[in-house]
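Keep the coordinates open as you read.

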Amino acid sequence: MNKVSLLVTTYNVKDNLAVTLESIESQDYTDIEVVIVDGQSTDGTVDVIREFAERHANKGPIDSPDDSASVSVRWVSEPDRGLYDAMNKAWGMCTGDIVAVCNDRLCMSDAVSKLVRAIEEGGADCIGAHADLVYVDGERVVRTWHMGEGKLSQGWMPGHPTLFLKREVYEQYGIYDTGYRCAADYEFMVRFLKDEKNRLAYVPEVLIAMFYGGTSNAGLGNYLVSFKEGYSALKQNGVPHPLLITLKRTVRVLRQF
């Protein structure tokens, strides 16, 4: 069985974190490693992390996981240089065969199982899997994003919060570029999706509920930064027609509303 590493990054988000961790605990997949990197929170987030780690037989930060447990936990709380730096730290701590960033809520108890199965059944050229998601504000669904399948050149991009990748994708293409304010996740995905031999399996179900107000969806100002950085990501990676692709991607986003 493939070990799945779920990377969780936190800073003063104790209420959302509790929801995230509860959804992880509800999974029916039996080999999950949870890696939590906290930016030295002061609102009780660290208490939530510590309680979660203790429930799963850890004794402290970056303790060795219990191989017999269905969920193992590794965590640290220390200053960082923002979200993408924390995500890179979490990647450096993880040991899984399949890796996903999990800062939101897994909607179904078999969400991890379905995404892992899609990868395992996807063939040799399948590097990962993705699914649909909803944006939520509390219990209210703000909008739904049906990802479908497509091509980078058509402005298509999978939803990063739903993305499960084989470990070798990070090893081959690198980690998140912390020079980006809002779009390091997009730039990261551009790196491997521009290579058309790479294929993602698609699970046409809503498996992730994303907390509204994230780095790239928290208001018009962030959307504008995300637009500019998206263009830069394409240009930096040598993708033809970066402005046209960015405009097509923007139209796809607007259709969500």
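**From loop to core**

His241 is exposed, with a relative accessible area of 58% (exposed means over 50%, buried under 20%, partly exposed in between, with a 1.4 Å probe and protein chains only). His241 sits in the loop that links α7 (220-236) to α8. Its phi is positive, about 55°, although His241 is not a glycine. Gln40 also has a positive phi without being glycine, near 65°. Gln40 lies in the loop between β2 and α2 (45-55). At 44% relative accessibility, Gln40 counts as partly exposed.

Some ground rules come next. This is a predicted model, in which local features need pLDDT of at least 70 and side-chain atom pairs count only at pLDDT 80 or more, while totals for chains, interfaces and linings use all residues. Residues are numbered from 1 along each chain as its sequence is written, and side-chain values use heavy atoms, with hydrogens and water left out. Helices (H or I, at least four residues) and strands (E, at least two) are DSSP runs, numbered from the N terminus.

Now turn to strand β1, residues 4-10. Seven of its seven residues are buried, so β1 is largely enclosed by the rest of the structure. In a regular strand the side chains alternate between the two faces of the sheet. Both faces of β1 are covered: Val4, Leu6, Val8 and Thr10 are buried on one side, Ser5, Leu7 and Thr9 on the other.

Which strands pair with β1? Pairing requires at least two DSSP bridges between two strands. Strand β2 (residues 32-38) runs parallel to β1 and is joined to it by seven bridges. Here Thr10 stands opposite Asp38. Val4 stands opposite Ile98 in β4.

Next, look at what packs around Leu6. Contact means heavy atoms within 4.5 Å. Not counting residues up to four places away in sequence, Leu6 touches partners including Ile24, Ile32, Val34, Ala100, Leu106 and Phe164. Leu6, Ile24, Val34, Ile36 and Phe164 have the most contacts inside the largest nonpolar core, which has 40 residues (such a core is a set of buried Ala, Val, Leu, Ile, Met, Phe, Trp, Tyr and Cys residues joined through side-chain atoms within 4.5 Å). Helix α4 (residues 111-120) gives the most to this core, with six residues. Apart from it lies another core, of 37 residues, among them Ala86, Trp91, Tyr173 and Ile245.

Thr9 belongs to β1. Thr9 is buried, at 11% relative accessible area. Beyond its neighbours within four places in sequence, Thr9 contacts Val37, Leu83, Ala86, Met87 and Asn103. The C-alpha atoms of Thr9 and Val35 are separated by 8.4 Å, though the two are 26 residues apart along the chain.

Ala86 and Met87 are among the buried residues of α3. Helix α3 (residues 83-93) is mostly covered, with eight of its 11 residues buried. The elements covering those buried residues include β1, β2, β3 (71-77), β4, α5 (167-173) and α6 (184-193).
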